[in-house]
Amino acid sequence: MSRKTRTVRTLFAAALLACAAASTTAVSAAPAVKPAAVTAHVSSHRDEAAMTDSASAMVKHDTAMAAPAAMQRHLPAEPGYSKNAEVETKISPLSPVTPTSPITPAIDLPSIIPSQPAPGSSSTADAYAVRTDFGKSNLHKWSSAYGMDTPWDANDVTDTEHFKSSTVAFLDTLNTLAQSAGVSFVLTGGAEYGYHAHGTYSHENGYKVDISDSGVYVGTTAYRILLEALTPFKHHLSHEWNNNHYDITIYPADYTGSYSGADHDNSGDDE
């Protein structure tokens, strides 16, 4: 074989080797691609699994909501509904409570405002029963001339001799109640003439009496006794703060006009 022929064969073999090497490199560099059929199968399987899990969770949630509260604590703990089931177990509706009998206070609280007597009632008639005088065991008399415990027969300043029979009846009732309760009252004004305003139901006509407010105020036993003594009488009571006494008018039993009782108002009153 000639030298020229050997050279041609050598070049041809080299070219074949070079082509083979290039093909191998290209194949190894290309990424691996999964068949389309396999990818689709895997994706479908995952979707079906997700749908199955979702449906199972919904069934378990519905079961938890429908199950009685006593059974819910036995349900398996699953994320997403175990907390709700726990809340459902703790919260239960309250049954309405309807009292079987009327609710009444344990004690009867007395009113500090006396009720006015019904016209013609027996208590009114008894209260207005004529007395020749009133008890003085728990009543005291004050006057500007003699001071505290002025003698009852000293009537030139504070006159307690010329009261109307209705005023005498009230003072007698007041003394009786005061004696039972262990309290006392001080009379500071009576039927004296010239010290007070004029009028039909005035001091000078014997329908009014002034009682000191010392120790006699709302909440005290003395105040309660004063109101209790006034209750069966047709009366008007006002507190004259500037004069430190209660101004009390006792109307006669046959009085048909208006009277306000205990209103603590001294507008229009005789002093």
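**A tour of the rings**

Start by selecting Tyr201, Tyr207, Tyr251, Tyr255 and Tyr259: ring pairs link them into a cluster. Rings of Phe, Tyr and Trp (its six-membered ring) count as a pair if their centres lie within 6.5 Å; planes under 30 degrees apart are stacked, over 60 edge-to-face, and the rest tilted. This is a predicted model, so local features need pLDDT of at least 70 and side-chain atom pairs count only at pLDDT 80 or more, while totals for chains, interfaces and linings use all residues. Residues are numbered from 1 along each chain as its sequence is written, and side-chain values use heavy atoms, with hydrogens and water left out.

The structure holds 11 aromatic pairs. Next, pick Tyr128 and Phe233: their ring centres are 5.0 Å apart and their planes at 65°, so this pair is edge-to-face. Tyr128 sits in the loop between helix H5 (122-127) and strand E1 (139-143), and Phe233 in the loop between helix H7 (221-230) and strand E5 (235-240), so the pair ties together parts 105 residues apart in sequence. Helices (H or I, at least four residues) and strands (E, at least two) are DSSP runs, numbered from the N terminus. Both Tyr128 and Phe233 are buried (under 20% relative accessible area; exposed is over 50%, partly exposed in between, with a 1.4 Å probe and protein chains only).

Now hop back to Tyr251 and Tyr259: with centres 6.4 Å apart and planes at 35°, the pair is tilted. Tyr251 is buried at 11% relative accessible area, whereas Tyr259 is partly exposed at 25%.
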